[in-house]
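Dear colleague,

Here is the structure I said I would pass on. My notes on it follow below.

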Amino acid sequence: MNGEVKTESKLEKILRSGQFAVTGECGPPRGADAEVIRHKCKLLKDKADAFNITDNQTSVVRMSSIASAVIMMQEGMEPVMQMVCRDRNRIAIQSDILGGAALGIKNMLCLSGDHQKFGDHPQAKNVFDIDSIQLISTVRRMRDEGKFLGGDDIKGVPKLFVGAAANPFADPFEIRVPRLAKKVAAGVEFIQTQCIFNLKKFSEWMKGVVDRGLHEKVFILGGVTPFKSFGMARYMAKNVPGMDVPDELLERMKGTPKESQAEEGIKIAVETIQQLKEMKGIAGVHIMAIEWEEKVGEIAEKAGLLPRPSV
Amino acid sequence: MVVGERKPFDEITGMLEGHKKIMVLGCGGCVTVCLTGGHDEVRVLSSQLRMARDNAGNPIEIVEKTVERQCDPEYVEEVSGIVPDVDAVLSMACGAGVQYVAERYPGMPVYPALDTTFVGGSTKEGYYVEKCQTCGACKLFYTGGICPIARCSKSLLNGPCGGSTKGKCEIDPEVDCAWQLILDRLKSLNRMDLYEENMAVNDWRTNRDGGPRKMIREDFQR
Amino acid sequence: MANFEPTIVAFCCHYCAYGAADLAGSMRLEYPPNIRVIRLPCTGKITPVFLLRAFEKGADGVYVAGCLEGDCHFIHGNLVAKPRVNYTKKLIQEVGLEPERLEMFNMSAAMGPRFAEVANEFTERIRQLGPSPLNKKMRRVDTEAA
């Protein structure tokens, strides 16, 4: 899998060179103030290899993923442009892929997108012209065959390193490995998983992945999210669909005095990363510190992931 | 069948403001079966309208009528003798029926009493659910007889998404995850091989996206 | 308003409330003359159309009296009637009538005193509510005409 590097992506180069990769996440602001992104960038710079820019996450309107990614690049960092199928049809999707690539974006994450019911515009019409798996094959076709979905030739292909998400904790569990196989068949090159709290279930999934040899076809980055507090842990356990927080973690957070809960949350995240590093088939971690960007460096540092390699 | 739901009463009375004599026109087709626009519902709504208008000191005269189907010019013709005597028609048919009546009677205001909601069926008496989105290119062969376009909240052709929890959809714990149902069916049919195949990008031209659609039986054309 | 005599329509099941009304009569129990009894083969026969028409034709209150739950002669006709009555309460509310003007009661044929009690209580309830708004309007029109 180390294979030939197909894009200018630093993330791709690190992964293909066999080094343990680290990605982070940066949510764009709900306004037109570029300084918000620049500020987050300063907190995140050099703490990971590339950073996801979310695309109207949880269906709440935010600054566009492409524009935010460009601001991030101005700060000397490498963005992963997220793209959801909820808000655009295939015409807009391909157009944005071309535009993003032209502006220098080198990584893209293909997602279906949360249902608009969860956002600030539940009255919106959703699109879902294509789904995340079809989005993967669309961008791979554009890049590798130089063709639009409609069949016409592209002049100047978008050189994007193509990723997707996987949720090993959603139901039904038994198809979570086959579903990854579908994404691999569609041409995905790296995967960032849903936040891992239940390591036992995750390693069960990874075993299935390794048994099918999928880890040799796609780079898998385990998702890690630190709890800020017991309240947040409980919220994620109860209210976020497809999230699996085991009771012993909740107990551990609950049993920690309030003032040191944040510290304990970081400790849990570091322990999770250390276990992921030992797991067969794991190529890196994806640290999602939701509105807590200043802690990404601390977690990476404590997990022995710093300094990041330069390629 | 096409399922409809009666509009809020205030919206209906709002449309009828200023009219003194109307016809409430029911439809004997789908909306009779789903208990929203048939003979009985015409009587109920007419009764309500008369009472509400009496109550407001502004009585209204109503002709109650139900035809076999409103989505067929032949039956819409049946009320041609009544229409000139009223100053508006309140149709209790689906959106298709309302338009047939409007097209047949130029110059006559024709209002919808229902919101046409979906194509589906009944789970039990008086309980209706959506089953089909009339995409124009049936995929039920690949999905074990359960439609992902109509029944997955995101219309995913390669589901389920990460929001499927204990067989339910992330948008509502009352809603079944269509992909869970599809997988259960494929398993019982021993056709999980169909799941592993990626469904290609859909051609939505057969859907409404290709513009208004028609279907012609050529052996009936003269 | 004190001498307002409401018109009340009682849809009574042949197998229970109608028998109870008979029994009340044999027992010489008094109940108000405001009640107009309409016999049904079963309350399962009731539909919103019947109930609405009663109001439209001038009733100030309407009630449905069926068998005790579990004792329907036709197994579950009274359980069919119950949600229909509740649904019709919403329909009359849309029109501007108080939902309390419509009610469902359950009794057996042996409950003559209960029949009289229901008739008394419901009549009192409607007397408190006053004439149906529809009748008020009609009466006003009549007066104007006179």
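Two strands are taken as paired if DSSP finds at least two bridges between them. The model is a predicted one.

On that basis, eight strands of chain A close into a barrel, in the order E1-E2-E3-E4-E5-E6-E7-E8, with parallel pairing. On average, neighbouring strands of this sheet are turned by 30° against each other, direction ignored.

One pair in detail: strand E6 (residues 190–195) of chain A runs parallel to strand E7 (residues 219–224) of chain A, and four bridges join them. Cys195(A) has Gly223(A) in E7(A) as its bridge partner. Packed on the sheet is helix H7 (residues 199–211) of chain A, which touches strands E5 (161–166), E6, E7 and E8 (282–287) of that chain. The direction of H7 makes about 175° with that of E7(A).

Chain B has been assigned domain 1 (2–118) and domain 2 (135–210). The centres of these two domains of chain B, taken over C-alpha atoms, are separated by 37 Å.

Now the interface between chains C and B. Here 14 residues of chain C are in contact with 14 residues of chain B. About 1,400 Å² is buried between the two chains, and carbon and sulfur atoms give 56% of that area. Three salt bridges are counted between chain C and chain B. One of them joins the side chains of Glu56(C) and Arg50(B), at 2.2 Å, N to O. On the chain C side that touches chain B, helices H2 (48–56), H3 (77–95) and H5 (133–145) each supply at least two residues. H2(C) gives the most, with six residues.

Regards

Notes. Residues numbered from 1 in each chain as written. Chains lettered and ligands numbered in written order. Predicted model: local features only at pLDDT ≥ 70, side-chain atom pairs only at ≥ 80, totals over all residues. Heavy atoms only, no water. Axes fitted to C-alpha atoms, helices over the stretch in contact; angles between N-to-C directions. Contact = heavy atoms within 4.5 Å. Domains from an automatic or database assignment. Buried area = accessible area lost by both parts, 1.4 Å probe. Salt bridge = Lys/Arg side-chain N within 4 Å of Asp/Glu carboxyl O.
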